[in-house]
Amino acid sequence: MDHARNVGIAIDFSPSSKNALLWAIQNLVRSGDSVIILIVLPKGSDVGSPHLKTLWFESGSPLIPFLEFKDPKTQNGYGVATDSQFISLLDNLNLHHDVIIHAKICWGDPKEKLCEAASNIPLQSLVMGSRGQGTLKRTILGSVSNHVVNHATCAVTVVK
């Protein structure tokens, strides 16, 4: 018998994270899974409701049910600027599959916050996009996907 899994999908609203979301929907997510959308915002990012960031700065937000998260007021309250394509894809997943969708918003370094989420939730799998940075930029800044692949406590799939 299949058991429900916690499947994380890292989203930064870039084309590569859209590809990761599409890949996860088409190839990984199955009936009964919990899908956790992970969004990491920069430490200094503007939050519509400053008390939320203060309250959840270290651990990130609690898991936010998708029906609540897709409300623009909730997104604004957490300082998330999403786009309708992502919400539409998640709406479709929510309506046509037997899955539970939550969002978790964190502030800080994506490398660290994605690894923390993988461990703390805990996730059985994490899907993320690859930005395809050049060698110099990747060497100086470090690759988020490379760090997560090597340090997360779950299986990680990187989608181009």
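Biologist: What should I know about the model before I start?

Modeller: The model is predicted, so local features need pLDDT of at least 70 and side-chain atom pairs count only at pLDDT 80 or more, while totals for chains, interfaces and linings use all residues. Residues are numbered from 1 along each chain as its sequence is written, and side-chain values use heavy atoms, with hydrogens and water left out.

Biologist: At what angle do helix α6 and helix α8 pack?

Modeller: Helices (H or I, at least four residues) and strands (E, at least two) are DSSP runs, numbered from the N terminus. Axes are lines fitted to C-alpha atoms, for helices over the stretch in contact, and angles run from 0 to 180 degrees between N-to-C directions. Here α6 (residues 110–120) and α8 (residues 144–151) pack at about 30°, with axes 9 Å apart. That makes α6 roughly parallel to α8 (angles under 35 degrees count as such).

Biologist: Which residues make the contact?

Modeller: Contact means heavy atoms within 4.5 Å. On α6, Pro-110, Lys-111, Glu-112, Leu-114 and Cys-115 take part, and on α8, Val-144, His-147, Val-148 and His-151.

Biologist: What is the strand order of the open sheet?

Modeller: Two strands pair if DSSP finds at least two bridges between them. The six strands run β3-β4-β2-β1-β5-β6, with mixed pairing. β3 (64–65) and β6 (155–159) stand at the edges with a single partner strand each, so one side of each lacks a neighbour in the sheet. Eight bridges join the parallel strands β2 (residues 34–41) and β4 (residues 100–107); Leu-38 has Lys-104 of β4 as its bridge partner.

Note on methods:
Parallel < 35°, antiparallel > 145°, perpendicular 65-115°, else oblique.
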